[in-house]
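Subject: Handing over the structure

Hello,

Here is the structure I promised to pass on. Please open it first, then read my notes below.

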Amino acid sequence: MTTFDKREDSFEKKFAHDEELRFRATARRNKKLAAWAAEKLGRADADAYFKEVMAADLEEAGDDDVIRKITADFAKANVQQSEHQIRRTMDELMATAVSEIKNGK
């Protein structure tokens with residue numbers, strides 16, 4: 001194997017590792033976000049709500065589908081949270097999820 005091949009293989013492994021980390025962190029963030037939203041909505045079934053959020057997350061790439069789901073649920077329940085507040089919470093929870101995964105929690 002040439003040096004170039006070794007470098008290419010190394011980059012591919014790092015990319016795969018980073019993508020796995022991002023996937024796991026996003027799933028963990030969504031679980032935490034669903035628990036946060038379920039509490040605000042007064043729902044005792046956070047696990048069921050998490051499944052709804054995960055289903056919404058599969059609609060399109062990115063976080064906009066999750067934001068729309070939670071924003072609509074908040075609007076139906078008259079929970080006063082702006083889209084900006086939801087996005088800020090998502091960002092905070094993503095940082096927490098990444099930290100937990102990197103620290104082996």
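M54 sits in helix 2. The model is predicted, so please read every value here as computed from it. Is M54 buried or exposed, or something in between? Its relative accessibility is 22%. Buried means under 20% and exposed means over 50%, so M54 counts as partly exposed. M54 and Q81 are 27 residues apart along the chain. Their C-alpha atoms are separated by 20 Å.

Q81 leads on to I70. These two are 11 residues apart in sequence. From C-alpha to C-alpha they are 9.6 Å apart in space. I70 belongs to helix 3. Its relative accessible area is 0%, so I70 is buried. Which residues does I70 touch, not counting those up to four places away in sequence? They are L33, A37, Y49 and I86. L33 and A37 fall within the range of helix 1, residues 3–41. Y49 is in helix 2, and I86 is in helix 4.

Now the whole chain.

The protein chain has four helices and zero strands. Along the sequence the pattern reads α-α-α-α. Helix 1 covers residues 3–41. Helix 2 covers residues 46–57, and helix 3 covers residues 64–76. Helix 4 covers residues 83–102.

How does the radius of gyration compare with that of a compact globule? A compact globule of 105 residues would have a value near 13 Å. The protein chain has 17 Å. Along the principal axes, the C-alpha atoms fill a box of roughly 60 × 30 × 25 Å. Of the 105 residues, 30% count as buried. Residues 24 or more positions apart account for 55% of them.

Next, the helix pairs.

Start with helix 2 and helix 3. They pack at an angle of about 135°. Their axes are 7 Å apart. Angles over 145 degrees would count as roughly antiparallel and 65 to 115 as roughly perpendicular, so this pair is oblique. Helix 2 passes helix 3 in a right-handed crossing. Which residues meet here? Helix 2 brings Y49, E52, V53, A56 and D57. Helix 3 brings D65, V66, K69, I70 and D73. By class, this contact has five nonpolar and five charged residues, with no polar ones.

Then helix 3 and helix 4. Their axes come within 10 Å. They cross at roughly 125°. Helix 3 and helix 4 are therefore oblique to each other as well. The crossing of helix 3 past helix 4 is right-handed. From helix 3, the residues in contact are D64, V66, I67, I70, T71 and F74. From helix 4, they are E83, I86, R87 and M90. This contact has six nonpolar residues, one polar and three charged.

T26 lies in helix 1. At 15% relative accessibility, T26 counts as buried. What does T26 contact, leaving aside neighbours within four places in sequence? The partners are D57 and M94.

T89 is in helix 4. T89 is buried too, with a relative accessible area of 10%. Leaving aside neighbours within four places in sequence, T89 is in contact with L33 and W36. L33 is also among the residues that I70 touches.

N78 is found in the loop between helix 3 and helix 4. Its phi is positive, at about 55°, although N78 is not a glycine. Is N78 buried or exposed? At 62% relative accessibility, N78 counts as exposed.

If you want a place to begin, look at I70, which is buried. Then follow its contacts to L33, A37, Y49 and I86.

Best wishes

Terms used: Residues are numbered from 1 along each chain as its sequence is written. This is a predicted model: local features need pLDDT of at least 70, side-chain atom pairs count only at pLDDT 80 or more; totals for chains, interfaces and linings use all residues. Side-chain values use heavy atoms; hydrogens and water are left out. Axes are lines fitted to C-alpha atoms, for helices over the stretch in contact, and angles run from 0 to 180 degrees between N-to-C directions. Helices (H or I, at least four residues) and strands (E, at least two) are DSSP runs, numbered from the N terminus. Angles under 35 degrees count as roughly parallel, over 145 as roughly antiparallel, 65 to 115 as roughly perpendicular and the rest as oblique. A crossing is left-handed if the near helix is turned anticlockwise from the far one by less than a right angle, and right-handed if clockwise. Contact means heavy atoms within 4.5 Å. Ala, Val, Leu, Ile, Met, Phe, Trp, Tyr, Cys and Pro count as nonpolar, Asp, Glu, Lys and Arg as charged, and the others, Gly among them, as polar. The radius of gyration is taken over C-alpha atoms; the globule rule is 2.2 Å times the number of residues to the power 0.38. Buried means under 20% relative accessible area, exposed over 50%, partly exposed in between (1.4 Å probe, protein chains only).
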